[in-house]
Amino acid sequence: MDRFIIRGGRPLHGEITIGGAKNAGLKLLVAGLLTSERLVLTNVPHIADIATMESLLRQHGLTVETVGGDKTKLSVGGEITSTEAPYDIVSKMRASILVLGPLLARCREARVSLPGGCAIGTRPVDLHLKGLETLGAKITLENGYINARAPNGLTGDRIVLPFASVGATENLMMAATLAHGRTEIVNAAREPEMVDLADCLNAMGARITGAGTGHIIIDGVEALHGAEHRIMSDRIECGTYACAAAITGGDLRLIGGNVDHLGAVVRAFEEAGVEVTQEGDVMRVRRTGALRGIDIMTEPYPGFPTDMQAQFMALLSVAEGASMITETIFENRFMHVPELNRMGARINVHGSSAIIRGVHSLSGAPVMATDLRASFSLILAGLAAHGETILSRVYHLDRGYEAVERKLAACGAQIERVKD
Ligand code: UD1
């Protein structure tokens, strides 16, 4: 297992190119199941979760290959030979559940392992299943697997989601593209990734309107065809590096960053004393004055993203005054708190809220990553801390961030990867 060794205390200056979005790319790859023709994706991030999704698609019989030796360009295509998503892949990556809707829509049957809980919460998939049942699927749970059948195909209907689940909206949107008639998804998730997925599906011949709003309408078509689509840039990667500029008192130009996708995050930065500007396709983030404590509550988009919570926790741990962060999306997403406290932060958790009393400085320590975003909060703390931080279990980070050490080192960070 690799570790990172970080020597903190240097402001970061320079440019970082933001890669394609993990949370869009995963679903766009899955969209390849909806057609027998070739779907070509560009701006593909080189991260472990994408590799896991490629393995899953290959297991379904698809060919996934790079185009012209360019590892950021992938082509997905071929016939589906297996409608089963096995436990060993689904348990590794929960987003595997996204194949359920497309397999069911195209092959009229699917068998997908039930994802278990994960480090940040129990994460049930009931909304995915209820929505597919509304479209006419017969679903049974047996031996840890979801067995879904729709012998005559799916039929469009009105689905009201009790919670704007990202994954359920995407699964249902993909399934509905090949259903008979019209599907409406009410209280749909509104994340920018939803718009990216709908744009790609529409380029493949789907008829979707309203993506990015709480009301998505999908008119089913007979078949989808091949297309080429560029994956949107990763707003969470962008927000994460913005935190690196902010916590070190630096100045970073984030190429491909888009403030329009980060409204609530930009407002939080500004309130905390961090300057954020858009200059063409570059988001510039700098801090010259002191950091101020602020209160944050995570919410579905356009609210403050839960995927930025851990990084802001690190940032606010060195802000003047007290801050409060309330996590409303996942029930167990404060695993980074004890690790940050070991570095000198003063954070107390009470239920779903954390009170952060800002300290003047953090000190380097050996710490352990617990999940993807929590890992980066510890890197951020390490970049600001005096002395050396050794971060173990870096594999959590490699799931979703590409070339972290190279991107940070190019801006002046002292960070190296040590292979065991
Ligand atoms: C996606 C993102 C993840 C992000 C999350 C919230 C991907 C691959 N992952 O996860 O990075 O943190 O959105 O922005 O895109 N829930 C149910 N029943 C369901 C589905 C969800 O109770 O059927 C609950 C979950 O347990 C969780 C909440 O709803 O507490 C949010 O889940 P959801 O929006 O579905 O997130 P994901 O799609 O899993």
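This is a predicted model: local features need pLDDT of at least 70, side-chain atom pairs count only at pLDDT 80 or more; totals for chains, interfaces and linings use all residues.
User: Which domains does the protein chain have?

Analyst: Domain bounds come from an automatic or database domain assignment. Here, domain 1 covers 2–19 + 233–419, and domain 2 covers 22–230. Their centres, taken over C-alpha atoms, are 30 Å apart. The contact (heavy atoms within 4.5 Å) takes 24 residues from domain 1 and 21 residues from domain 2.

User: How is the size of an interface given?

Analyst: Often as the accessible area lost when the parts come together. Buried area uses a 1.4 Å probe and is summed over both parts. Domain 1 and domain 2 bury about 1,800 Å² between them, with 53% of it on carbon and sulfur atoms. In domain 1, Y301, R399 and E402 lose the most area to domain 2, together 33% of what that side buries.

User: How many salt bridges cross the interface of domain 1 and domain 2?

Analyst: A salt bridge puts a side-chain nitrogen of Lys or Arg within 4 Å of a carboxyl oxygen of Asp or Glu. By that rule, 2 cross this interface. The side chains of D49 and R399 form a salt bridge, at 2.8 Å from N to O.

User: Which residues come nearest to the ligand?

Analyst: A residue is near a molecule if one of its heavy atoms lies within 4 Å of it. Of the 18 residues around the ligand, K27, D126, S165, D307 and I329 come nearest. A polar side-chain atom of S165 is 2.6 Å from a ligand oxygen atom. For D307, a polar side-chain atom also lies 2.6 Å from an oxygen atom of the ligand. Taken alone, the ligand exposes 740 Å², and the protein buries 83% of that (Shrake-Rupley method, 1.4 Å probe).

Technical notes
Residues are numbered from 1 along each chain as its sequence is written. Side-chain values use heavy atoms; hydrogens and water are left out. Buried area is the accessible area (1.4 Å probe) that two parts lose on being put together, summed over both. A polar contact is a pair of N or O atoms within 3.5 Å; within protein, one must be able to donate a hydrogen and the other to accept it, and residues adjacent in sequence count only if both atoms are side-chain atoms.
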